[in-house]
Amino acid sequence: MSVDERQEAAQRTPAANPDEGKLVYCIIECDSPRSFGPIGVGGRNDEVYTIHHGGLAAVVSDTPVVVYDPTRENALTYEHVNETVMKEFTVIPMSFGTVFRTEKDVVEFLKDTADALHDVLEKMKDKIEFGLKVNWDPDTVLKEVEQEREEIRRLKEEIMSNRQASTYFARMQLGRLVELAMSEKADAYVREIYDCLRDCAIASRHNKPIGDKMILNAAFLVERDKATQFDQDVQEIARRYDGKLRFLYTGPWPPYNFVNIRLRLERGAASS
């Protein structure tokens, strides 16, 4: 049956349950129907399968038409689906919780955005994402900064030797110097990390660090055939800073930080 015939059949045949929709995980290039197992979000063991139009396919599972909370369980299941599909296909991840009301709505989305989707898939072909978070111990780094900066050492000694005197302005000055020195130290570490990984990464995205111990929260887009070299480079830079920095390295992932389709649909979506 052709795509047009399937669309006509969908129009003629009422849905078995009008409250059921289609949860979309990602978009791939695929001509033939595929099934990836009963691994859908929602705890119902819904089958994950494809809906097609013009060489494109949306990877979906049946779902109640609800707004999904991004709980840990839901997020991990969503990621597991995309990772499963990614083993065979280049994927465009959809924003978490994207729900269409009918198969026809999914087909219309693929039809309306076909050119853009093909373009993105071509750009993302054979590319994967790695995440890298780097933390430091601020107290350890502060001691290192004090050893390196004579002005900070001198001012700190001056404050300690004049405890009975008013040291308000000296303390303010010390605080500013320490803050600047720590910022410069973090920037230097980050530059060296990026320099080490630049040859293997096509692109990178610098996300906001979380907490006062994280100095780098980044995502790197890497060609599949360079993944091993990228991994070796990360291990090398981690060994170089052993005892100073702690590296949390994750992946491979679909390119979440480089492609994420967010929708605001007047029809078809679970929420506006």
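These are my notebook entries on what I looked up in this predicted model.

**Entry: cysteines**

I began with disulfides and found zero in the structure. I then asked how far the sulfur of Cys200 is from the closest cysteine sulfur. The closest one belongs to Cys196, and at 8.6 Å it is too far for a bond. A disulfide would need the two sulfur atoms within 2.5 Å. I also looked up the exposure of two cysteines. Cys200 is buried, at 7% relative accessibility. Cys30 is buried too, with a relative accessible area of 8%.

**Entry: salt bridges**

I noted seven salt bridges in the structure and went through some of them.

The side chains of Asp62 and Lys22 form a salt bridge, with 2.7 Å from N to O. Asp62 sits in strand E4 (residues 56-64) and Lys22 in strand E1 (residues 20-29), so this pair ties together parts that are 40 residues apart in sequence. I checked the exposure of each partner. Lys22 is buried, with a relative accessible area of 14%, whereas Asp62 is partly exposed at 26%.

Next I looked at Arg34 and Glu88, whose side chains meet in a salt bridge at 3.0 Å, N to O. This pair also links distant parts of the chain, 54 residues apart. Arg34 is in the loop between E1 and strand E2 (35-37), and Glu88 is in the loop between helix H2 (72-86) and E5. I have Arg34 down as partly exposed, with a relative accessible area of 26%.

The pair Arg239 and Glu236 forms a salt bridge in which the closest N and O atoms are 3.1 Å apart. An α-helix has 3.6 residues a turn, so residues three or four places apart point the same way. Arg239 is exposed at 55% relative accessibility, and Glu236 is partly exposed at 35%. I also noted that Glu20, Arg44 and Asp46 are joined into one network by salt bridges that share partners.

**Entry: helix H4**

I asked which residues of helix H4 (residues 114-124) are buried. They are Ala114, Leu117, Leu121 and Met124. Seen down the axis of H4, these buried residues fall within an arc of 100°, so they line one face of the helix. On the other side of H4 I found Asp115, Glu122 and Lys123 exposed.

**Entry: cavities**

Which residues line the second largest cavity? I listed Met86, Phe89, Thr90, Val91, Met124, Lys127, Ile128, Arg224 and Pro255. By class, its lining has six nonpolar, one polar and two charged residues. Met124, one of the lining residues, is also among the buried residues of H4.

**Entry: backbone**

Most residues other than glycine have a negative phi, and most peptide bonds are trans. I looked for departures from this.

The peptide bond from Gly251 to Pro252 is cis, with omega near 5°. Pro252 lies in strand E10 (residues 245-253).

Asn45 is not a glycine, yet has a positive phi of about 60°. I placed Asn45 in the loop between E2 and strand E3 (48-53). At 57% relative accessibility, Asn45 is exposed.

Asp126, not a glycine either, has a positive phi of about 60°. I found Asp126 in the loop between H4 and strand E7 (127-136). Is Asp126 buried or partly exposed? I have Asp126 as partly exposed, at 42% relative accessibility.

**Entry: Gly97**

Last, I looked up Gly97, which is in the loop between strand E5 (92-93) and strand E6 (99-100). Gly97 is partly exposed, with a relative accessible area of 24%.

How values were computed
Residues are numbered from 1 along each chain as its sequence is written. This is a predicted model: local features need pLDDT of at least 70, side-chain atom pairs count only at pLDDT 80 or more; totals for chains, interfaces and linings use all residues. Side-chain values use heavy atoms; hydrogens and water are left out. Helices (H or I, at least four residues) and strands (E, at least two) are DSSP runs, numbered from the N terminus. Buried means under 20% relative accessible area, exposed over 50%, partly exposed in between (1.4 Å probe, protein chains only). A salt bridge is a side-chain nitrogen of Lys or Arg within 4 Å of a carboxyl oxygen of Asp or Glu. On a 1 Å grid over the protein atoms alone, a cavity is a set of points where a 1.4 Å probe fits but cannot get out, and a pocket is an open set with protein on both sides within 12 Å along at least five of seven lines; lining residues have an atom within 4 Å of a point. Ala, Val, Leu, Ile, Met, Phe, Trp, Tyr, Cys and Pro count as nonpolar, Asp, Glu, Lys and Arg as charged, and the others, Gly among them, as polar. The arc is that of the directions from the helix axis to the C-beta atoms.
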